[in-house]
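The sequence and structure are shown first.

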Amino acid sequence: MTNINDIMTTQEAAERWGLNPGSVKHLCTGIGKVKPRLLEGEECRKSGGVWIITREGMERLYGKEHPKQTYYFAELQNSGSYRQAEKLKATSLRAAKREASMRQVFQGTTLEIGNSVNEDGFITNPIARKEDGKTWETI
């Protein structure tokens with residue numbers, strides 16, 4: 001018997017695998033001269049105007065589901081200072097770096113990204129840092 005969590009909409013599949021929803025829909029429909037990559041009737045089908053997809057079909061193309069990651073950033077005055085972290089909307093490190101860069105308020109500060117904070121709201125395990133005028137470095 002099929003587990004209900006193994007069947008999802010294209011929107012949910014996009015969120016669970018970190019993909020663009022339109023790209024996931026095109027896995028079912030194809031686009032232009034590109035044929036669909038999912039097997040209709042086995043891995044996907046249309047139901048009431050909505051495409052639904054199986055977990056097996058997504059795993060065949062993209063591997064196991066990527067657990068959703070939460071990222072936080074803090075803008076520091078210098079390397080020894082601490083500031084409460086803010087949660088980012090990004091679900092990948094690349095997107096977190098871009099979002100943190102866009103949210104930077106002050107010139108001359110260091111941006112720090114982590115994926116957990118303590119009870120006081122400070123990043124406990126930084127994973128990336130960007131000093132003023134430099135590129136992002138992974139810690």
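## The Arg-129 and Glu-112 pair

Glu-112 is buried, at 9% relative accessibility, where buried means under 20% relative accessible area, exposed over 50%, and partly exposed in between (1.4 Å probe, protein chains only). Its salt-bridge partner is Arg-129, with the closest N and O atoms 2.5 Å apart; the term denotes a side-chain nitrogen of Lys or Arg within 4 Å of a carboxyl oxygen of Asp or Glu. This pair links distant parts of the chain, 17 residues apart: Arg-129 lies in strand E7 (residues 126–130) and Glu-112 in strand E6 (residues 110–114). Arg-129 is partly exposed, with a relative accessible area of 23%. Helices (H or I, at least four residues) and strands (E, at least two) are DSSP runs, numbered from the N terminus.

The model is predicted: local features need pLDDT of at least 70 and side-chain atom pairs count only at pLDDT 80 or more, whereas totals for chains, interfaces and linings use all residues. Residues are numbered from 1 along each chain as its sequence is written, and side-chain values use heavy atoms, with hydrogens and water left out.

## Other salt bridges

A search of the whole structure finds 10 salt bridges. Side chains of opposite charge can pair when their charged atoms come close. Arg-60 and Glu-43 meet through their side chains at 2.7 Å, N to O. Arg-60 belongs to helix H3 (residues 55–62), while Glu-43 sits in the loop between helix H2 (21–29) and strand E2 (44–47), 17 residues apart. Within this pair, Glu-43 is buried, with a relative accessible area of 9%, and Arg-60 is partly exposed, with 45%.

Glu-86 and Arg-103 form a further salt bridge, at 2.6 Å from N to O. It connects strand E5 (residues 86–87), which holds Glu-86, with helix H4 (residues 93–103), which holds Arg-103. Both partners are partly exposed: Glu-86 at 29% relative accessibility and Arg-103 at 30%.

## Nonpolar cores

The largest nonpolar core has 13 residues, and Val-24, Leu-38, Ile-53 and Met-58 have the most contacts inside it. Such a core is a set of buried Ala, Val, Leu, Ile, Met, Phe, Trp, Tyr and Cys residues joined through side-chain atoms within 4.5 Å. At least two of its residues come from each of helix H1 (10–17), H2, strand E3 (50–54) and H3. Apart from this core lies another, of 12 residues, among them Tyr-71, Phe-73, Leu-88 and Ala-90.

Beyond its neighbours within four places in sequence, Leu-38 is in contact (heavy atoms within 4.5 Å) with residues including Glu-43, Ile-53, Met-58 and Arg-60.

Five strands form an open sheet in the order E5-E4-E6-E7-E8, with antiparallel pairing; two strands pair if DSSP finds at least two bridges between them. E5 and E8 are the edge strands, each pairing on one side only. Between E4 and E6 the antiparallel pairing runs over 5 bridges, and Leu-76 stands opposite Thr-110 in E6.

H4 packs on the sheet, touching E4, E5, E6, E7 and E8, and its direction makes about 145 degrees with that of E6. Axes are lines fitted to C-alpha atoms, for helices over the stretch in contact, and angles run from 0 to 180 degrees between N-to-C directions. Ala-95, Ala-96, Lys-97, Glu-99 and Ala-100 are buried in H4. The buried residues of this helix pack against strand E4 (72–76), E6, E7 and strand E8 (137–138).
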